Amino acid sequence: MSEPRVRRAEIAVEQAHVDRVYTQLAALKAQAEAMRTKGYEIGQGAQREAIFEQASMLFERDMMVHHANQTLQTLDAEYEGLVFGRLDHRDGELIYVGRLGIRDAEFDNLVTDWRAPAAAAFYQATAEEPMDVVRRRVIRCSGPNVLDVDDDVLIADAVPEDMQIVGEGALMAALGRSRGEKMRDIVATIQKEQDEVIRAPWRGVTEITGGPGTGKTAVALHRAAYLLYRHRRQLGGAGVLVIGPSGVFTSYISRVLPSMGETNVELRALGEVLDGLEATRQDSSPLAAVKGSLRMRRVLLRALRDTPPEAPDELRIVYRGEVLKLTERELEKVRRKAHTQGAPPNRSRVRVAELLLDALAAKAEGYAKEDGRQIDRAELITDLGERIEFHRFLVVWWPVLYPAQILKWLGNEKRLAAAAKGVLNRGEITMLAADLADRSHGWSVADVALLDELRVLIGPEPKRRRRQTVLEAEPERRGSTGTTHRPEHYDEYSHVVVDESQDLSPMQWRMVGRRGKYASWTVVGDPVQSSWPDPDEAAAARDQAFGAKTARRRYTLRTNYRNSAEIFDLAAKVVIGHAEAGELPRAVRTTGITPEVRPVERTGMEAATQGAVKELLGSVEGTVGVITAMDRVEEVASWFAATADERLKVVGSLDSKGLEYDAVVLVEPMELVTESTTGRRVLYVALTRATQQLIVLASDPDWLPSA
């Protein structure tokens, strides 16, 4: 039988099984819908029953409806490509692998969940270690329709005479498919080195390193899904937090976990970690370096201990016809004493009131001693402590503090200079004060970590003010893949995933660490792609964030599946001298298409970019990304205001991290080098976003080192 006829016959065999699976899927959905309907009927019946019976009936209703809704949500999420693999074992056992486990009406296994131990061989078996698998088959589907099959033979001398073997290169075919706007899951193409990371023990810290295109992000997300499946009792209730570098990135990965049936996961960009705030603006590299340094914690601590700008500089109060007065110096002595006692300012007002009353009592006792009199100290403190004028003074002199308020105070260069004396230099103070004084552009991503640090340093506001958040705005929870509502500033996640971890500043590590103090961790990064100028300081802050967890394991992914070898060879040239031996991955896919480097005059850059984009939109089926320096994103985006093709995306260099496109136009690479203190690393990232075609438009040739 010819190869095409064999392939068609084998596709028909798999289609018959997939049809059985989707028939059972429809039956399961019908059962879940019936359960939900029954739950609502129970609720209606409870309204007619005696009051003492209502509670149990309503509880039964809620449980039925909740379980039915969860089941329907899972079944709906798994509809696309439900079955993607098959294992034929030496003993004749046949296992189909898919996105979730499904049994037929007789409880026979139709599909094994990819996370189950029985499915591990689909990812782990090799010709050297076949794990008793004779044939591994990849089944490529679109919805319920089988499009193609591809086989690997792992035990050649055990292949039965009637077993048909079809095709080769399922992984390369999958990797060559066009990209859409959202990241795809990789459950059908997970490789052995990736699977080892996904199934690593859940406790402690798991670090995943590797160059561009090695699947770090996808592996981390699949690890989260696997851990929730295998350890749901330990991890499921508290939830999983996934932190990415930008909102563009979290949007890109947003469908991966729901597509695997996991909804108790929260996705947040670094600019969204603090409740009540969503920051997207990136600071200049020098400014971000100041804000991210641990030195800023000392500056913030001094700033919150400083006298508020509107605080009165004198306290005057009359007691039995005598004026008691505390001068500015005496008040500052009270303030210093209050701060040195260690409690957060927002939890210290009662103690501050006691210190002020003690100071007033001491003043009154001094006056009385001069006149040969005596006073009742307890009576004086009780009297003054109940005075409305005393309380009016107290709330102004020791106000409830908010993080945003303190940062705005530091927009005053004189005040900032006092707080930063001996910590920041004059240039840093001037630069930081100018930024904090101008709130017209909103908070930056780096500001979020400062605000979170201040939130902890000043303590929560009094309970009667709790309707306001630390930013004096209503809290909102963003990015959750489910419907779980957690308390504000929730810190009890069971597992935390941090992507692009090499870019986190020390202050950001402190912020993230607060959310994961009880958690196990999966940390993803690549030192060669780092945009943070002081990796040693960041590493120390990272270790502190992990806490005392002793179980740490590190995995390195070395195969670049994203880029063609032609594209990656060009990208590797720009980080010569910036990467250690073995830090760059190996690209395994070739296309025969060499990336183009086009010299362009600056005055002709707009037309050249438009022309290159038009070419690429016409030559690839998927997405086309235009990557430019961060401060030119709006300008470059305006060049395509009249372009209606939704496949086109314009992004800045930092926002391109973690993303991928079928084709990329890189505008003015030298601007990416000069905009950052780690410019060549940023350029390396931008050059590795394309899977198929790359065009570089440059007016300055110095971006590419000479051979």
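Me: What makes the crossing of α13 and α14 right-handed?
Reply: The crossing of α13 and α14 is right-handed, a word used if the near helix is turned clockwise from the far one by less than a right angle, and left-handed if anticlockwise. This is a predicted model, in which local features need pLDDT of at least 70 and side-chain atom pairs count only at pLDDT 80 or more, while totals for chains, interfaces and linings use all residues. Residues are numbered from 1 along each chain as its sequence is written, and side-chain values use heavy atoms, with hydrogens and water left out.

Me: Why are α13 and α14 called oblique to each other?
Reply: The axes of helix α13 (residues 349-370) and helix α14 (residues 377-385) come within 10 Å and cross at roughly 130°, where axes are lines fitted to C-alpha atoms, for helices over the stretch in contact, and angles run from 0 to 180 degrees between N-to-C directions. Angles under 35 degrees count as roughly parallel, over 145 as roughly antiparallel, 65 to 115 as roughly perpendicular and the rest as oblique, and α13 and α14 are therefore oblique. Helices (H or I, at least four residues) and strands (E, at least two) are DSSP runs, numbered from the N terminus.

Me: Which residues of α13 and α14 meet?
Reply: With contact meaning heavy atoms within 4.5 Å, the residues that meet include L357, L360 and A361 in α13, and L380, I381 and L384 in α14.

Me: How do you know that E14 and R86 form a salt bridge?
Reply: The N to O distance between their side chains is 2.8 Å, and a salt bridge asks for a side-chain nitrogen of Lys or Arg within 4 Å of a carboxyl oxygen of Asp or Glu, so the pair qualifies.

Me: Why are D195 and R199 called buried?
Reply: Buried means under 20% relative accessible area, exposed over 50% and partly exposed in between (1.4 Å probe, protein chains only). D195 has 0% and R199 has 15%, so D195 and R199 both count as buried. They form a salt bridge with each other, the closest N and O atoms being 2.8 Å apart. E14 and R86 are buried as well, and buried residues make up 53% of the 707 residues in the chain.

Me: What makes β1 and β2 paired strands?
Reply: Two strands pair if DSSP finds at least two bridges between them, and 5 bridges join β1 to strand β2 (residues 94-98), so this antiparallel pair meets the requirement. D88 has L94 in β2 as its bridge partner.

Me: Why are β3 and β6 said to stand at the edges?
Reply: The open sheet of 6 strands has the order β3-β4-β2-β1-β5-β6, with mixed pairing. β3 (102-103) and β6 (145-153) each have a single partner strand, so one side of each is left without a neighbour in the sheet.
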